[in-house]
Amino acid sequence: MKEMINLNRKGFTLIELLAVIAILGLLVTTVSIAVTKIYNDNVNKTMIVQNNKVMEAASIYLNDKCLLPLDGAVCPDSYIEGQYICLEDLTENVKENYLTEVTYKNDVCSGIVVFEKNAEGENVEPVSYLFCGYDSSKNTFNYATNPSLDLSKYSRCNVKKNGSPSGGV
């Protein structure tokens, strides 16, 4: 006589366990991709907000130091000679409170704000160029509003590469 198969067993088969693990793996992958996308979107939005704050602070700084100088205010040479302001001019003197440190994923940023003039000789909206977290292995910045900008035109600004000022190695 054939033995009767006992169908009243307890537990899961190997196939059932593998199927559950595969489903959990897909869920974890999907959630982690979504969380990474949300994080990167928020980092990019933060950089847009910081960039706008830099341009606003630079405009106020320009008015205070150059266009309508306050008592004892000195217009920076970078603006007098080349129509630009260095980010460090806005952040170095906390007492004047133009701008706090600009960061990207815990990297402190350096940068330049360029003021161009229209046909009537009036300043137009400033353009901000931020450079954050220089990666020497790739010879690029982790974040840059314009990576191809010729930094030699803005030599008075201390745009960092390899921990040294621009132009340094």
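Guide: One term before the strands: two strands pair if DSSP finds at least two bridges between them. Also, this is a predicted model.

Visitor: Okay. How many bridges join β3 to strand β4?
Guide: Six bridges join them, and the two strands run antiparallel. Strand β4 covers residues 127–135.

Visitor: How many bridges join strand β2 to β3?
Guide: Two, with the strands antiparallel. Strand β2 is residues 103–104, and its Tyr-104 stands opposite Asp-107 in β3.

Visitor: What sits between the strands in the hairpin of β2 and β3?
Guide: Two residues. Lys-105 takes a positive phi near 45° there. Asn-106, in the loop between β2 and β3, also has a positive phi, near 70°, though it is a residue other than glycine.

Visitor: Is Asn-106 buried or exposed?
Guide: Asn-106 is exposed, with a relative accessible area of 77%.

Visitor: What about Gln-83, what is its phi?
Guide: Positive, about 60°, and Gln-83 is not a glycine. Gln-83 is in the loop between α2 and β1. With a relative accessible area of 23%, Gln-83 is partly exposed.

Visitor: Back to strand β3. Why is it described as largely enclosed?
Guide: Strand β3 runs over residues 107–114, and six of its eight residues are buried, so the rest of the structure largely encloses it.

Visitor: Different topic. How many aromatic pairs does the structure hold?
Guide: Six. In one of them, the rings of Tyr-79 and Phe-115 have centres 5.9 Å apart and planes at 85°, so this pair is edge-to-face. Tyr-79 belongs to helix α2 (residues 77–82) and Phe-115 to the loop between β3 and β4, so the pair ties together parts 36 residues apart in sequence.

Visitor: Tyr-79 and Phe-115, buried or exposed?
Guide: Tyr-79 is buried, with a relative accessible area of 6%. Phe-115 counts as buried too, at 3% relative accessibility.

Visitor: Fine. How do the rings of Phe-131 and Phe-141 sit, stacked or tilted?
Guide: Their centres are 5.2 Å apart and their planes are at 55°, so the pair is tilted. Phe-131 is in strand β4 and Phe-141 in strand β5 (residues 140–144), so the pair ties together parts 10 residues apart in sequence. Phe-131 and Phe-141 are both buried. Ring pairs also bring in Tyr-134, giving a cluster of Phe-131, Tyr-134 and Phe-141.

Visitor: Which residues touch the most other members in the largest nonpolar core?
Guide: Val-54 and Leu-90, out of 23 residues in that core. At least two residues each come from α1, α3 (87–91), β3 and β4. The biggest share is from α1, which gives eight residues.

Visitor: What does Leu-90 touch?
Guide: Leaving out residues up to four places away in sequence, Leu-90 touches Val-54, Ala-57, Ala-58, Tyr-61, Ile-85, Tyr-98 and Leu-99. There is also a second, separate core of 13 residues, and Tyr-84, Tyr-134, Phe-141 and Val-159 are among them.

Visitor: And Val-124, where does it lie?
Guide: In the loop between β3 and β4. At 33% relative accessibility, Val-124 counts as partly exposed. Val-124 touches Glu-116, Lys-117 and Asn-118, not counting residues up to four places away in sequence. Val-114 is 10 residues from Val-124 in sequence and 9.8 Å from it in space, C-alpha to C-alpha.

Visitor: Last one. Where is confidence lowest in the chain?
Guide: In strand β7 (residues 164–165), with a mean of 40, whereas the highest value is in helix α1 (residues 14–67), at 93. Over residues 162–169 the pLDDT is below 50, and beyond near neighbours in sequence that stretch has 10 contacts in the model. For the chain, the mean pLDDT is 84, and 87% of its residues reach 70 or more.

Definitions and conventions: Residues are numbered from 1 along each chain as its sequence is written. This is a predicted model: local features need pLDDT of at least 70, side-chain atom pairs count only at pLDDT 80 or more; totals for chains, interfaces and linings use all residues. Side-chain values use heavy atoms; hydrogens and water are left out. Buried means under 20% relative accessible area, exposed over 50%, partly exposed in between (1.4 Å probe, protein chains only). Helices (H or I, at least four residues) and strands (E, at least two) are DSSP runs, numbered from the N terminus. Contact means heavy atoms within 4.5 Å. pLDDT is the predictor's confidence in each residue, from 0 to 100. Rings of Phe, Tyr and Trp (its six-membered ring) pair if their centres lie within 6.5 Å; planes under 30 degrees apart count as stacked, over 60 as edge-to-face and the rest as tilted. A nonpolar core is a set of buried Ala, Val, Leu, Ile, Met, Phe, Trp, Tyr and Cys residues joined through side-chain atoms within 4.5 Å.
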